[in-house]
Amino acid sequence: MRVVLQRVTRASVTVGAEVVGAIGPGLLILVGVADGDTELQADALAAKVAVLRIFADAEGRFNESLLDIGGSALVVSQFTLHADVRKGRRPGFTAAARPDVAEPLCDYFAEAMRRQGIPVETGVFGAMMSVELVNDGPFTIVIDSADLERSRRG
């Protein structure tokens with residue numbers, strides 16, 4: 001799994017003319033599921049994201065986590081995070097999991113975030129979505145579950 005975290009003051013996702021998810025301060029989390037990804041990886045990512053100290057404390061240092069600030073998460077599936085652009089001019093998406101595998105794992109990740117104590121809103125899997133955000137910083141981090149696994153072993 002691969003997630004892109006964007007620290008936001010607010011974010012929302014719209015399908016058609018309907019806002020289907022909106023948050024105030026917290027994280028917009030774009031989630032890409034690859035073939036072979038597991039619930040164990042989703043749990044590890046959710047645990048990491050909830051406690052990652054990327055929010056400023058009173059002195060302006062990054063000492064606060066999403067849990068510490070009482071922030072929310074807007075979780076949006078995005079298969080294009082697994083785009084392969086090594087050859088040609090058109091990205092390939094063969095590394096991305098099929099929708100019947102990716103959708104339940106995206107839902108599982110959102111639930112894993114909730115189990116960490118984070119209020120979570122979501123987009124609509126497979127829909128054409130408009131995502132609006134005010135990036136706080138800007139501050140954006142990419143985390144790959146394979147990197148977390150390597151750090152636990154190493």
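**View 1. Helix 1 and helix 3 cross in a right-handed way.** This close-up comes from a predicted model, and it brings together helix 1, residues 39-51, and helix 3, residues 99-115. Two packed helices are described by the angle between their axes and the distance between the axes. Here the angle is about 40 degrees and the axes lie 9 Å apart.

**View 2. Residues from both helices make the contact between helix 1 and helix 3.** Helix 1 brings Glu39, Ala42, Asp43, Leu45, Ala46 and Val49. From helix 3 come Leu105, Tyr108, Phe109, Ala112, Met113 and Arg115. What classes do the residues of this contact fall into? Nine are nonpolar and three are charged, while no polar residue takes part.

**View 3. Tyr108 is part of helix 3 and touches residues of helix 1.** Leaving aside residues up to four places away in sequence, Tyr108 touches Glu39, Ala42, Asp43 and Arg115. Among these, Glu39, Ala42 and Asp43 are on the helix 1 side of the contact, whereas Arg115 belongs to helix 3. To find your way along the chain, look also for Gly123, which is 15 residues from Tyr108. The C-alpha atoms of Tyr108 and Gly123 are separated by 14 Å.

**View 4. The largest pocket holds about 410 Å³ of space.** Rolling a probe the size of a water molecule over the atoms shows where empty space is left. How many residues line the largest pocket? Its lining has 20 residues, and those nearest the centre are Ser77, Gln78, Phe79, Ala127 and Met129. At least two lining residues come from each of strand 3 (26-32), strand 6 (72-77), helix 3 and strand 8 (129-144). Sorted by class, the lining has 17 nonpolar residues and three polar ones, with no charged residue.

**View 5. A cis peptide bond joins Gly137 and Pro138.** Omega for this bond is about -5 degrees. Where is Pro138 found? Pro138 lies in strand 8, and strand 8 also supplies at least two residues of the lining shown in the pocket view.

Key: Residues are numbered from 1 along each chain as its sequence is written. This is a predicted model: local features need pLDDT of at least 70, side-chain atom pairs count only at pLDDT 80 or more; totals for chains, interfaces and linings use all residues. Side-chain values use heavy atoms; hydrogens and water are left out. Axes are lines fitted to C-alpha atoms, for helices over the stretch in contact, and angles run from 0 to 180 degrees between N-to-C directions. Helices (H or I, at least four residues) and strands (E, at least two) are DSSP runs, numbered from the N terminus. A crossing is left-handed if the near helix is turned anticlockwise from the far one by less than a right angle, and right-handed if clockwise. Contact means heavy atoms within 4.5 Å. Ala, Val, Leu, Ile, Met, Phe, Trp, Tyr, Cys and Pro count as nonpolar, Asp, Glu, Lys and Arg as charged, and the others, Gly among them, as polar. On a 1 Å grid over the protein atoms alone, a cavity is a set of points where a 1.4 Å probe fits but cannot get out, and a pocket is an open set with protein on both sides within 12 Å along at least five of seven lines; lining residues have an atom within 4 Å of a point. Grid points are joined across faces, edges and corners, and a volume is the space filled by probe spheres set on the points.
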